[in-house]
Amino acid sequence: MSSGRFSHLLRGVLVLLPAAVIVAGTRSKLWEVPTGHFTSSSNKTESLQWEHCQYRHLKEGVRITADIPPKLDGTWVSTRCEVRPGPEFLTRSYTFHSNRHFQALQHYYTESSCEDPAYSLMIRGKIRLLQASWITLGATEAEHHLSRVGIVLHSVAAKHRLASRLPPACVSLSLNEAVPGKPYELYNTRAGRACLAAMGFSVMEMGLVRVEMQHHSHGGEVRELFLGDIHTDWAQRTQHRPTGYQQPLQNAMYHIHPCPVCALVYRSSEQRPPVLPRAPAVPLSLEGHWVSQRCETRPNVLFLTRDFTFNPGQHAWRGIYRHYLDPACSQPTFTLTALGHYAQGNPSSKLSGASEFVFKVTQVKVTAMDESTAKLLNSTRPGKCGRAGNWRHGVEQDLTPTNGCPMLGIRLPHKEYELFKMELNHRKHPLLFTGERPTDGSSPDRPLRRPTSFQLPMVLCNGEEMHPSFSTFKSKQVQLASGTAGLEKLVLLVFGSALCSWLDVY
């Protein structure tokens, strides 16, 4: 990879800091309060501890493969109520046939638990796989052709809400004739797409495809379909060519059991949308150590894992973001460690169960994990990005004395407005959802830029090596490391992914 292209990729990654949110009218300055902070260092023992927690599915005998070109045949369904930028709430059921035809059902809801259906879209068309993506490694590019889009409204109120978003011509031509419960055609090959665009409708997500297979040691298999990301800017979504993914769909025949949502979505139709069971409310508790469940892909060619640790008593957080060149996260490029403070605001007015935060990053450390990255960082001007000329493979540098690094898009101190939510997975283990980062690589550094959708969830690391309680976490690590210095080193590793998460708290 050329240094020019790599520099471009780094800039795309590093402008993203840990997003946080503060409610209008709130004057809390908790993130400004000087408190005890994490100290850092690392060693192989601590790295192994982190890897054991992050990738414990490997210990459980799970092997992940991906075929290129992907095998799309079958029906793929949502596993939860999905949240798209806006916010929009939906479930999806996509069926692909061997003759390249596809049928897609998208059910839209009025709220974030997907209990109150508003309308359903029936989408018909063809998809043609092209070639392996040169931009997003591991993905396949594709093109689609729509033949028909229909709509079924599920209430008069939903009809009025949708009509209020559309130009008068679309309302008079389309929705005025629609009757709740009856299919109505919005588009066919002879009609224009103006009304679809006004609805924000697009299946540009089919421009990027990846299928992963999880092979379990007991013989079971889970298949997931990753389609392209949805642009966070409503005005851009209908023309956006994806370079990242959205929440994956699971194959209806090869999915995680139990999955009651899978069954409801699979049995649904445009006239019988799935009504999801009400999930128990999960109080937001950040305390502990949270990690990515898989190698994560972000727009603009980013592959990374995140690792966050929160200390609510000190309002302190640490994030470690490990970045890689490949979708298997096997070729590391650099690691960012961010430290700072956060303040929790009010419950979100747009997303039920979510809370607003503000995060402030006060210290950033970067480790070049290959020679190319070190060479690139050594090309910066003195005093602009750590100690110029002193970047070495595997050696961490503190960017705080230079107030960040313009080449990497890091400026210190930095504040971001975030959105967090917690849910339980199928095993009743907690999941932490953090706000989706802006697709254009900008920073949510103002309240109006606060996310309205989420990234893939992180899991609480609560194995024998890591305990969900922060105090217990530290006491257990004392047994594994000699003295306070060893403990602090381990804590840093745990948090290291968090900074990249700042990039990735998006």
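**Figure 1. Loop between strands E21 and E22 around Lys-428.** In this predicted model, Lys-428 sits in the loop that runs from strand E21 (414–424) to strand E22 (430–434). Most residues other than glycine have a negative phi. Lys-428 has a relative accessible area of 60% and is therefore exposed.

**Figure 2. Loop between strands E4 and E5 around Arg-100.** Arg-100 is found in the loop between strand E4 (88–96) and strand E5 (101–109). Although Arg-100 is not a glycine, its phi is positive, at about 80°. Is the residue buried, partly exposed or exposed? Arg-100 counts as partly exposed because its relative accessibility is 38%.

Figure 3. Gln-106 belongs to strand E5. With a relative accessible area of 0%, Gln-106 is buried. Its side chain makes a polar contact with the side chain of Tyr-108, at 2.8 Å. Beyond its neighbours within four places in sequence, Gln-106 is in contact with several residues, including Arg-84, Leu-90, Thr-91, Arg-92 and Tyr-94. Also among its contacts are Tyr-119, Ser-120, Leu-121 and Ile-123, together with Phe-201 and Glu-205.

**Figure 4. Cis peptide bond between Ile-68 and Pro-69.** The peptide bond that joins Ile-68 and Pro-69 is cis, with omega at about 0°. Most peptide bonds are trans. Pro-69 is placed in the loop between strand E1 (62–66) and strand E2 (74–77).

Figure 5. His-257 and Pro-258 are joined by a cis peptide bond, with omega at about -5°. Pro-258 lies in the loop between strand E11 (249–251) and helix H7 (260–266). A disulfide links Cys-259 to Cys-262, with an S to S distance of 1.9 Å. The link of Cys-259 and Cys-262 is right-handed, with 70° about the S-S bond. Cys-259 is buried at a relative accessible area of 14%, and Cys-262 is buried at 2%.

**Figure 6. Disulfide between Cys-295 and Cys-329.** Four disulfides are found in a search of the whole structure; one of them joins Cys-295 to Cys-329, S to S 2.0 Å. The torsion about the S-S bond of Cys-295 and Cys-329 is about 75°, so this disulfide is right-handed. Cys-295 lies in the loop between strand E12 (288–292) and strand E13 (296–298), and Cys-329 in the loop between strand E15 (316–324) and strand E16 (332–347), so the pair ties together parts that are 34 residues apart in sequence. Both cysteines, Cys-295 and Cys-329, are buried.

**Figure 7. Disulfide between Cys-385 and Cys-405.** The sulfur atoms of Cys-385 and Cys-405 are 2.0 Å apart and form a disulfide. This disulfide is left-handed because the torsion about the S-S bond of Cys-385 and Cys-405 is about -90°. Cys-385 is in the loop between helix H8 (371–377) and strand E18 (396–398), while Cys-405 is in strand E19 (residues 404–405), so the pair ties together parts that are 20 residues apart in sequence. Cys-385 and Cys-405 are both buried.

Figure 8. The protein has a mean pLDDT of 80, and 78% of its residues reach 70 or more. Over residues 1–50, pLDDT stays under 50; the model has 163 contacts beyond four places in sequence for this segment. Over residues 463–506, pLDDT also stays under 50, and the model has 187 such contacts beyond four places in sequence.

Terms used
Residues numbered from 1 in each chain as written. Heavy atoms only, no water. pLDDT = per-residue confidence, 0-100. Contact = heavy atoms within 4.5 Å. Helix = DSSP H or I, 4+ residues; strand = E, 2+ residues; numbered from the N terminus. Buried < 20%, exposed > 50% of the residue type's maximum accessible area, 1.4 Å probe, protein only. Polar contact = N/O pair within 3.5 Å; in protein donor to acceptor, adjacent residues only side chain to side chain. Disulfide = S-S within 2.5 Å.
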